[in-house]
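Let's go through a protein model together and ask what its labels really mean. Have a look at it first, then try each question before you read on.

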Amino acid sequence: MTRPPPLRLGYVLIESGKLDEWEVFARDGLGLHADRLSSDVLALRVDDRERRIVVRRGAAEDVIALGWELDDAAGLDTMRAHLESEGVAVSTGLASEAALRGVDAFHGFFGHKGLRLEFFAGAKRTNQPLQAMSGPFSTGAGGLGHAVLFTRNPEALTAELHRLLGARISDTITDRLQGVEMEFTFLHLNERHHSLAIGATAGLRVDPIRTRIQHMMLEVETLEAVGDAYLRCKALGYPIAMSMGQHPNDHGISFYVVSPSGFEMELGVGPRRIGPDWQVGHYRGISKWGHHSEFTPRRRDRFGTAWTALKSLFRRD
Ligand SMILES: [Fe+2]
């Protein structure tokens with residue numbers, strides 16, 4: 001059995017029919033640098049990379065791909081060999097697809113819920129100054145941030161992400177959320193406390209989340225940047241899924257806002273890093289304080305969530 005080389009989250013590809021809404025949400029709400037490259041492509045920056053989050057026009061209203069970065073071309077080749085040795089059907093991205101993502105080349109496969117897991121080395125950089133109300137952002141050895149997946153089979157997904165990506169458990173949390181007992185498993189691929197996390201209902205396993213990811217998180221370096229973004233999002237009327245609060249496991253302080261595509265974006269500060277003497281822990285409650293919902297989903301959306309959960313019972317994960 002081969003081992004995957006170290007990975008960090010490098011880019012996120014979103015498909016949406018609401019590029020105008022995404023541009024305002026990202027620039028004026030979250031406080032990211034927004035470059036509207038065409039009527040069909042919005043590129044978001046948080047550092048000197050040309051593109052960290054790409055929103056391309058399409059019907060999915062969802063995250064399409066997570067791009068995992070390797071140190072160099074040799075690492076990219078090693079990753080491909082590792083995936084193929086594990087029986088994964090890996091395909092090489094077209095040059096036009098690599099250009100859209102702002103990377104030199106990539107390969108990938110279709111993972112959980114059809115989410116593309118892609119791998120690249122060599123991202124395009126720019127010396128154009130960053131024009132972002134939030135920041136500075138933390139994107140170093142821990143990568144861009146994290147994404148949270150929901151599944152009906154958390155044990156199998158945890159094992160698959162370990163086998164294919166080398167993800168290791170940081171800790172677990174159980175909590176009762178909106179009357180439903182939930183289990184969360186946090187996975188690290190590098191020094192970031194979690195680059196991926198897996199959410200599942202306890203007992204009867206259903207997946208109430210329509211989108212491939214429930215939320216993604218970006219990290220800023222100051223509490224003030226989190227607070228200011230929270231106030232901007234609130235003032236602009238974006239649904240605050242969770243007000244400012246602190247997680248007990250990584251100690252990060254953050255808030256969650258619903259994006260124009262329906263999944264949530266988390267902006268946070270101060271998550272602690274994984275070190276060599278890390279001990280896997282278990283916590284009761286996803287928040288030490290705060291993280292209160294500040295909006296009531298519309299009846300139609302509540303019905304949609306229940307319907308998605310029900311349908312998930314009849315779908316292969
Ligand atoms: Fe998160």
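Q: What makes R8 count as buried or exposed?
A: Buried means under 20% relative accessible area, exposed over 50%, and partly exposed in between (1.4 Å probe, protein chains only). R8 has a relative accessible area of 19%, so R8 is buried. By the way, this is a predicted model, where local features need pLDDT of at least 70, side-chain atom pairs count only at pLDDT 80 or more, and totals for chains, interfaces and linings use all residues. Residues are numbered from 1 along each chain as its sequence is written, and side-chain values use heavy atoms, with hydrogens and water left out.

Q: What makes the pair E69 and R8 a salt bridge?
A: A salt bridge needs a side-chain nitrogen of Lys or Arg within 4 Å of a carboxyl oxygen of Asp or Glu. In E69 and R8 the closest N and O atoms are 3.6 Å apart, and the pair forms a salt bridge. E69 lies in strand β5 and R8 in strand β1, so the pair ties together parts that are 61 residues apart in sequence. E69 has a relative accessible area of 6%, so E69 is buried.

Q: Which residues does R8 touch, leaving out those up to four places away in sequence?
A: Contact means heavy atoms within 4.5 Å. The residues that R8 touches include G67, W68, E69, G140 and N190.

Q: How do you know that R192 is buried or exposed?
A: R192 has 2% relative accessibility, so R192 counts as buried. R192 sits in the loop between β11 (180–188) and β12 (196–201).

Q: What makes R192 and E219 a salt bridge?
A: The closest N and O atoms of R192 and E219 are 2.9 Å apart, and that pair forms a salt bridge. The pair links distant parts of the chain, with R192 in the loop between β11 and β12 and E219 in strand β13 (residues 215–220), 27 residues apart. Both R192 and E219 are buried.

Q: What does the side chain of R192 have 2.9 Å from one of its polar atoms?
A: That is the backbone oxygen of G142. A polar contact is a pair of N or O atoms within 3.5 Å; within protein, one must be able to donate a hydrogen and the other to accept it, and residues adjacent in sequence count only if both atoms are side-chain atoms.

Q: How do you know that domain 1 and domain 2 bury area between them?
A: Buried area is the accessible area (1.4 Å probe) that two parts lose on being put together, summed over both. Between domain 1 and domain 2 it is about 2900 Å², of which carbon and sulfur atoms give 67%. F25, H112 and K113 supply 23% of the area that domain 1 buries against domain 2, more than any other three residues.

Q: How many salt bridges does the rule find across the interface of domain 1 and domain 2?
A: The rule finds three there, while a search of the whole structure finds 26.

Conventions
Helix = DSSP H or I, 4+ residues; strand = E, 2+ residues; numbered from the N terminus.
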